[in-house]
Amino acid sequence: MGRRSDIGQGVGYFTFESGLNGKVLVRKNRADYPTIKDRAAVSHEDLMIVFVDPATQQTRAFYTDSEGHVIQYTATFSNDGNTLTFLSDALSTSPRFRLTYIRTKPDQMALTFEIAP
């Protein structure tokens with residue numbers, strides 16, 4: 001999987017909040033990318049809702065963004081609880097995505113977003 005490099009270096013933030021009386025985890029994200037070469041500045045917002053699928057008991061996530069993308073993920077936690085990985089469902093019509101959060105300090109996380117052809 002590779003990192004998305006076509007939009008340049010951006011600045012942003014994300015938040016995680018418990019929702020629906022603890023039944024879901026809601027992640028909100030915003031990233032702003034400056035003007036580069038032949039492209040105007042870009043702002044990106046997205047929303048992800050993490051939940052337990054009652055049929056499979058798997059942790060799943062629904063993602064949607066300001067660009068019109070919709071992605072379904074399966075989420076897994078590492079044994080030590082410090083890494084949360086979202087892997088998109090395999091579809092013949094789109095690439096595969098992997099979003100990984102690693103707790104680096106009690107109140108900080110590192111984020112990696114990868115795309116596979």
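This is a predicted model: local features need pLDDT of at least 70, side-chain atom pairs count only at pLDDT 80 or more; totals for chains, interfaces and linings use all residues.
A pocket here is an open set of grid points with protein on both sides within 12 Å along at least five of seven lines. I will come back to that term at the end.

Eight strands make an open sheet, in the order E1-E2-E3-E4-E5-E6-E7-E8, and the pairing is antiparallel. At the edges sit strand E1, residues 11-19, and E8, each of which pairs on one side only. On average, neighbouring strands of this sheet are turned by 20° against each other, ignoring direction.

Now some of the pairings. E1 and strand E2, residues 24-33, run antiparallel and are joined by nine bridges. In that pairing, Thr 15 has Lys 28 of E2 as its bridge partner. A hairpin through two residues connects E7 to E8, and Phe 97 stands opposite Ile 115 in E8.

As a reminder, side chains in a regular strand alternate between the two faces of the sheet.

On to the rings. How many aromatic pairs does the structure hold? There are seven. Take Phe 14 and Tyr 101: the ring centres are 5.0 Å apart and the planes stand at 65°, so this pair is edge-to-face, the cut-off for that class being over 60 degrees. Phe 14 is in strand E1 and Tyr 101 is in strand E7, so the pair ties together parts that lie 87 residues apart in sequence. Are these two residues buried or exposed? Phe 14 counts as partly exposed because its relative accessibility is 26%, and the buried class is under 20%. Tyr 101 is buried, because its relative accessible area is 2%.

A second pair is Tyr 63 with Tyr 73, also edge-to-face, at 6.4 Å from centre to centre and 90° between the planes. Tyr 63 belongs to strand E4, residues 59-65, and Tyr 73 to strand E5, residues 70-77, and the two are 10 residues apart. Tyr 63 has a relative accessible area of 9%, so it is buried. Tyr 73, at 1%, is buried as well.

Which residues do ring pairs link into a cluster? They are Phe 14, Phe 16, Tyr 63, Tyr 73, Phe 86 and Tyr 101.

Last, the pocket. The second largest pocket has a volume of about 160 Å³. Among the residues lining it are Phe 16 and Tyr 101, along with Leu 25, Phe 77, Gly 81, Asn 82 and Leu 84.

The largest share, three residues, comes from E7. By type, the lining divides into seven nonpolar residues, three polar and one charged.

Note on methods: Residues are numbered from 1 along each chain as its sequence is written. Side-chain values use heavy atoms; hydrogens and water are left out. Two strands pair if DSSP finds at least two bridges between them. Helices (H or I, at least four residues) and strands (E, at least two) are DSSP runs, numbered from the N terminus. Axes are lines fitted to C-alpha atoms, for helices over the stretch in contact, and angles run from 0 to 180 degrees between N-to-C directions. Rings of Phe, Tyr and Trp (its six-membered ring) pair if their centres lie within 6.5 Å; planes under 30 degrees apart count as stacked, over 60 as edge-to-face and the rest as tilted. Buried means under 20% relative accessible area, exposed over 50%, partly exposed in between (1.4 Å probe, protein chains only). On a 1 Å grid over the protein atoms alone, a cavity is a set of points where a 1.4 Å probe fits but cannot get out, and a pocket is an open set with protein on both sides within 12 Å along at least five of seven lines; lining residues have an atom within 4 Å of a point. Grid points are joined across faces, edges and corners, and a volume is the space filled by probe spheres set on the points. Ala, Val, Leu, Ile, Met, Phe, Trp, Tyr, Cys and Pro count as nonpolar, Asp, Glu, Lys and Arg as charged, and the others, Gly among them, as polar.
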